[in-house]
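Colleague: I want to go through the labels on this model one by one. Tell me what stands behind each.

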Amino acid sequence: LIERMRAYGETVFAEMTRLATETGAVNLGQGFPDTDGPASLLEAAARHIREGVNQYPPGPGHPELRRAVSRYRARHYGTEYDPDTEVHATVGATAGIAAALLALVDRGDEVVVFEPMYDSYAAMITLAGGVRRPVMLRPDPATGRFTFDPAELRAAVGPRTRMVLVNTPHNPTGTVFTAEELEHVAAVCREHDLIAFTDEVYEFLAFDGRPHVPLASLPGMRERTLTASSAGKMFAVTGWKTGWVTGPEPLVGAVRRVNQFLTFSANGALQLAVAEALDTQGEWVAAQRDTLRGKRDRLAAGLADAGFDVGVCEGTYFVMADIRPLGRTDGVELARALPREAGVAAIPAQVFYDRQEEGAHLLRFAFCKEDAVLDEAVARLSAWH
Ligand code: GLN
């Protein structure tokens, strides 16, 4: 293994899901729904496979998917993308993140990124030879909502900065960035002529009427922003690993160049099924968001009853919980013990931080589970504590 990858061991999601399986724990760690996406989506995939969509689709993605992506972005956000040159299908958002970082970050380039951060960002920036310049997200003392200090963002930008990497709605904090917050990012990008990469896989999981604001929709940002999305999150089919990136032609072209040699293409039958769902499943997506909002409230109330100090969750399907009221301070140690001790698995938020001490006292719980599963987890945690 090359030297710079040695710091990256097995992902925390794999470790915690394995622990959950071994111990029979309720798995609120790795974020995946325990119910399937819309029946018509599943049917369409099966039909396309039966009807012979079983060979390589074009590298940039099935044209039907690229057109459907272009349509939904115009419909929801008013941003136009040419399906031929400005949309590229990927093997999940993960491959879009990987291809973009490998294509656009050169050795020694700096990437400004908010921490806590989704685990693949750090690894892929490192693999690309880049350097992270983290900006801390901290709970606002008044509201508990995680946000950043614009001065810290500005201070993170230097002469080697190439890119700012954003994630909204944000995993793991649950923050949905406001237009005002994103405008701080946009201003820095415009002033320093930076590329923005924005991971918006939870774009349809902003709760309580809060709008999801795409970074690319801000003034001067469309021409410098690559956006990653995931049908896995949108339609509750995480195992399909079907996603896409949208952006201006030069940036999407760079992603294409690299992605040719990463995966060449992705899964055509699933892309066709997703294309249909993008056009027809808006109501399902909205209902799913409302269902998940209810699950957020259910789990948050249960965790509070069990003694945790529960964070604010505006979007995604994760909620953060402070373990200090339980007399614990080491989230990694607790997450490793919890499946066996309590019969519940969660993710230690510390692994999402460069400055790990900032997240040591936090666990991330996923609430994209059947109500009975959430209730069982809460009952076990209450009994344990
Ligand atoms: N995105 C999901 C999470 O954050 C799963 C990630 C994974 O398994 N790599 O938990």
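Modeller: Over residues 26-381 the chain is 42% helix and 17% strand. The end C-alpha atoms of that stretch are 10 Å apart. This is a predicted model: local features need pLDDT of at least 70, side-chain atom pairs count only at pLDDT 80 or more, while totals for chains, interfaces and linings use all residues. Residues are numbered from 1 along each chain as its sequence is written.

Colleague: What makes a run a helix or a strand?

Modeller: Both are DSSP runs, numbered from the N terminus: helices are H or I with at least four residues, strands are E with at least two.

Colleague: Which annotation covers residues 26-381?

Modeller: The unreviewed UniProt entry annotates them as "domain: Aminotransferase class I/classII large". UniProt positions follow the numbering used here, feature names are shortened, and annotations may be inferred rather than shown by experiment.

Colleague: Why is F352 called buried?

Modeller: A residue is buried if 20 or more other C-beta atoms lie within 10 Å of its own, exposed if 12 or fewer, and partly exposed in between, with C-beta atoms placed from the backbone. F352 has 24 within 10 Å, so it is buried. F352 sits in the loop between β14 (347-348) and β15.

Colleague: What does F352 touch, not counting residues up to four places away in sequence?

Modeller: E115, P116, M117, Y118, D119, P172 and G359. Contact needs C-beta atoms, placed from the backbone, within 7 Å.

Colleague: Is F264 buried or exposed?

Modeller: F264 is exposed, because 12 other C-beta atoms lie within 10 Å. F264 is in the loop between α9 (249-262) and α10 (268-280). Its phi is positive, about 60°, although F264 is not a glycine.

Colleague: And T316, buried or exposed?

Modeller: T316 has 29 other C-beta atoms within 10 Å, so T316 is buried. T316 lies in the loop between β11 and β12. Phi of T316 is also positive, near 70°.

Colleague: Why is strand β12 (residues 318-322) called largely enclosed?

Modeller: 4 of its 5 residues are buried, so the rest of the structure largely encloses β12.

Colleague: How do you know that β12 pairs with β15?

Modeller: Two strands pair if DSSP finds at least two bridges between them. β12 and strand β15 (residues 362-366) share 5 bridges, in the antiparallel sense. Among the partners, F318 faces A366, and A321 stands opposite L363.

Colleague: How many bridges join β11 to β12?

Modeller: There are 2 between strand β11 (residues 309-310) and β12, also antiparallel. V310 stands opposite A321 there.

Colleague: What makes β11 and β14 edge strands?

Modeller: The open sheet has 4 strands in the order β11-β12-β15-β14, with antiparallel pairing. β11 and β14 each pair on one side only.

Colleague: What domains does the chain have?

Modeller: Domain 1 (3-30 + 283-384) and domain 2 (39-280), with bounds from an automatic or database domain assignment. Between them, 29 residues of domain 1 are in contact with 32 residues of domain 2. On that side of domain 1, α11 (282-305) gives the largest share, 6 residues.

Colleague: What surrounds the ligand?

Modeller: T11, F13, Q30, G31 and N171. Near means a C-beta atom, placed from the backbone, within 6 Å. By class, that shell has 1 nonpolar, 4 polar and no charged residues. Ala, Val, Leu, Ile, Met, Phe, Trp, Tyr, Cys and Pro count as nonpolar, Asp, Glu, Lys and Arg as charged, and the others, Gly among them, as polar.

Key: Two residues are in contact if their C-beta atoms, placed from the backbone, lie within 7 Å.
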